[in-house]
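Keep the viewer open while you read.

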Protein chains: 2
Amino acid sequence: MKKINVAVLGATGCVGREMLKVLAEREFPVGQLRLLASARSAGRRIEFRGREYTVEEADEASFAGMDLVLGAASNALAQRFAPAIVRAGAVFVDNSSAFRMRDDVPLVVPEINAEDVKKHSGIISNPNCSTIITLMAVAPIARLSPITKMIACTYQAVSGAGQGGLDALEGEVSALCAGKKAVPSQFPCQIAYNCIPQIGSRLENGFTTEEMKMQNEGRKILHLPELRVNCTCVRVPVMRSHSIAVTLYTEEPVGVEAAEAAIDAAPGCAMARGLDGRDYPTPLDTSDQDTVFVGRVRRDLIDEERGLSLWCCGDQIRKGAATNAVQIAEAALKG
Amino acid sequence: MKKINVAVLGATGCVGREMLKVLAEREFPVGQLRLLASARSAGRRIEFRGREYTVEEADEASFAGMDLVLGAASNALAQRFAPAIVRAGAVFVDNSSAFRMRDDVPLVVPEINAEDVKKHSGIISNPNCSTIITLMAVAPIARLSPITKMIACTYQAVSGAGQGGLDALEGEVSALCAGKKAVPSQFPCQIAYNCIPQIGSRLENGFTTEEMKMQNEGRKILHLPELRVNCTCVRVPVMRSHSIAVTLYTEEPVGVEAAEAAIDAAPGCAMARGLDGRDYPTPLDTSDQDTVFVGRVRRDLIDEERGLSLWCCGDQIRKGAATNAVQIAEAALKG
């Protein structure tokens, strides 16, 4: 297979480092590799497949000769560098939310809407992490009958906020273990032994930016423009893997067994089984892997005809970010 | 006020000890005090208002001369001793789930259905902790217009499982802080840095016993026999205070401002405000107090006419158990 020159923008963060791991694991045909970050991280050395690379400060000239840029940086940086990346002729697979809702930018979960990849004009967006994990669990049901409404409550790991989130929880717990006070850093208040029902910023309708992604991105990925999603996003003291409790309503009734069979048959997701006798997943069961696990599928008590409830967990740094981005790149550069 | 002879059944557990604290705080007119527990705990000494009491092993003769028995024991013990308590002429305010759904047993949250207290025949049940906290937040809205349907996802603290739950989380975190492995004790798997979507045992409909309490007890307390509740109960690594994300539908539209005003006007609950600039509560904000705090009230995106979403937190050992039980006793023995 033809070698592909790859730049990782934001190579030193949680997602950027996981992208490198996934590129290696999946034997992505990396030709040249360029590790880009802010001036603060420039000069750091990172290993990839047995070779050391020096992190460079990203600028507009960094993308010359690249075929693929994996973006794991902020919206501001994605917006700043996108024109240069597109001019350089590279495909920009971007994990920020900057371009996700743009009509000329595909928003892709390869197991769900791989065909959208082809419609890009240089930029392909990687969806929000909770959205990817939820949709991986519900898309097999949506293929049996379109989903009309969905209520989702999330239990989101601190690493969704990057390395700073992990450091915050670890730091707080260490301080408390040592009999000291926990000093909040990354989150609006202490996250150790707590739950924080606000992720992203508050909009006029009372929902947060994070919560609205589930509806807006869900509509685009599932090709269901009328889908209505009511979401509550909550940060919990978990290191990795987001969990989501979902109740959904379909146009035509879908049975519990049919839903479970569809989940098992779909690539990238599976019903949880045999987890020390448990048939439901927890974040710890699902961390450091790509599969989204599902459990607790049951008939809704409110609409016993068309409602189903379920619980799903997946690693939001892997399938929720790095793995999904590399899968998009594979689909985009194939053929 | 007339002195009341009080026995606490299960006096050495999390809820039993909190009941003693609440009796003292509320200056309950305690006459004789009898602290009852299993043989294992008999002989332990517990202080109450500056005097030491010796814990006695509970048996059928323990209730003679008592006016009130506060039950903080298992269903099995509640069932075993209820006949002796009723025969002794005491009122049994029981925190177990053994009698909650019996027609001749009132199930009471005093701020919501205090009038039901009078209908007892010796036993009054204290509702499930998550149910109490959720209903404290939604009852003010139900008084504006009856609630028809509710979807609730819980974020339940480990102390909901008693002292063993607290010990489990503390033990696991200490072990992990010391670089050792966490060994699950109380819960089906590790709870430190994890979420466990199963509380209680699984029923044939796929819901758990804990989840069904929200509908069954909610119907009885709110006097809404047709209420439908779809609940997902999840244990999270929080010490105290349960949190619940609720979406509810009312018969007639209720506006966000009207709902917030009703919550603020109702006794025992309040909109969260001024929490270090936050207008939503977290479990840590609401522990060791009786008020149930509410935030994030917003118009549902699915049914913009009749749907509302909100987030509420309350200390499940206080208002969810001990305080509510003492309030029931006050209402039952008044006048």
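What is the strand order in the open sheet of six strands with mixed pairing in chain A? Reading across, the order is β10-β9-β11-β14-β13-β12. (Strands here are DSSP E runs of at least two residues, helices are H or I runs of at least four, and both are numbered from the N terminus; two strands pair if DSSP finds at least two bridges between them.) β10 (228–232) and β12 (269–271) of chain A sit at the edges with a single partner strand each, so one side of each has no neighbour in the sheet. From one strand to the next, the twist averages 25°.

A word on ground rules: this is a predicted model, where local features need pLDDT of at least 70 and side-chain atom pairs count only at pLDDT 80 or more, while totals for chains, interfaces and linings use all residues. Residues are numbered from 1 along each chain as its sequence is written, chains are lettered from A and ligands numbered from 1 in the order in which they are written, and side-chain values use heavy atoms, with hydrogens and water left out.

Chain A also has an open sheet of six strands with parallel pairing, ordered β5-β2-β1-β6-β7-β8. Its edges are β5 (56–57) and β8 (123–125) of chain A, each with a single partner strand, so each has one side without a neighbour in the sheet.

| Strand pair | Sense | Bridges | Residues standing opposite |
|---|---|---|---|
| β2(A) and β5(A) | parallel | two bridges | A:Leu36 and A:Glu56 |
| β13(A) and β14(A) | antiparallel | five bridges | A:Val294 and A:Cys312 |

Helices lie on both sheets. Helix α4 (residues 129–144) of chain A lies across β9, β11, β12, β13 and β14 of chain A, at about 40° to β11(A). (Axes are lines fitted to C-alpha atoms, for helices over the stretch in contact, and angles run from 0 to 180 degrees between N-to-C directions.)

Now for the interface. Contact (heavy atoms within 4.5 Å) links 56 residues of chain A with 56 residues of chain B. The chains bury about 4,700 Å² between them, 62% of it on carbon and sulfur atoms; buried area is the accessible area (1.4 Å probe) lost on being put together, summed over both parts. A:Tyr193, A:Leu301 and A:Ile302 supply 16% of the area that chain A buries against chain B.

Key: Buried area = accessible area lost by both parts, 1.4 Å probe.
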